Amino acid sequence: MVEVIKRDGTIVPYDRDKITLAIGKANQEVPVEEQITSWDAEKILRVIELRRKESIYVEEIQDIIVRKMMEYGYYD
């Protein structure tokens with residue numbers, strides 16, 4: 001099972017639903033035409049999950065999400 005190292009140093013199990021929720025919350029902050037699609041969100045989750053690491057820093061997850069969103073044309 002993949003572990004996530006949080007900013008305060010605590011370690012928690014990877015939770016796909018938390019990342020999905022965070023992407024959804026970010027979507028609510030931008031106009032509809034700038035929101036990420038569920039298909040693109042799924043692709044981002046797969047990139048994170050295919051890293052096959054035992055642990056990952058929450059900052060790494062955030063960086064992957066931002067980088068992929070920019071690749072898909074979502075800049076805000």
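The structure described here is a predicted model. Strand S2, helix H1 (16-28) and helix H3 (58-71) each contribute at least two residues to the lining of the largest pocket.

**Largest pocket**
- The space in the largest pocket amounts to about 710 Å³.
- Its lining comprises 28 residues, of which Ile19, Ala22, Ile23, Gln62 and Ile65 are the closest to the pocket centre.
- Helix H3 gives the most to this lining, supplying seven residues.

- Thr10 is located in the loop that lies between strand S1 (3-5) and strand S2 (11-13).
- Thr10 has a relative accessible area of 36%; because this value falls between the 20% limit for buried and the 50% limit for exposed, the residue is classed as partly exposed.
- A polar contact of 2.6 Å joins the side chain of Thr10 to the side chain of Asp8.
- When neighbours within four places in sequence are left aside, Thr10 is in contact with Val4 and Ile5.
- Thr10 and Asn27 are 17 residues apart along the chain, and their C-alpha atoms are separated by 27 Å.

**Aromatic rings**
- Zero aromatic pairs are found in a search of the whole structure.
- The ring of Tyr72 has the charged end of Lys43 sitting over it, 4.4 Å from the ring centre.

Key
Residues are numbered from 1 along each chain as its sequence is written. This is a predicted model: local features need pLDDT of at least 70, side-chain atom pairs count only at pLDDT 80 or more; totals for chains, interfaces and linings use all residues. Side-chain values use heavy atoms; hydrogens and water are left out. Rings of Phe, Tyr and Trp (its six-membered ring) pair if their centres lie within 6.5 Å; planes under 30 degrees apart count as stacked, over 60 as edge-to-face and the rest as tilted. A charge sits over a ring if NZ of Lys or CZ of Arg is within 6 Å of the ring centre and within 35 degrees of the ring normal. Helices (H or I, at least four residues) and strands (E, at least two) are DSSP runs, numbered from the N terminus. Buried means under 20% relative accessible area, exposed over 50%, partly exposed in between (1.4 Å probe, protein chains only). Contact means heavy atoms within 4.5 Å. A polar contact is a pair of N or O atoms within 3.5 Å; within protein, one must be able to donate a hydrogen and the other to accept it, and residues adjacent in sequence count only if both atoms are side-chain atoms. On a 1 Å grid over the protein atoms alone, a cavity is a set of points where a 1.4 Å probe fits but cannot get out, and a pocket is an open set with protein on both sides within 12 Å along at least five of seven lines; lining residues have an atom within 4 Å of a point. Grid points are joined across faces, edges and corners, and a volume is the space filled by probe spheres set on the points.
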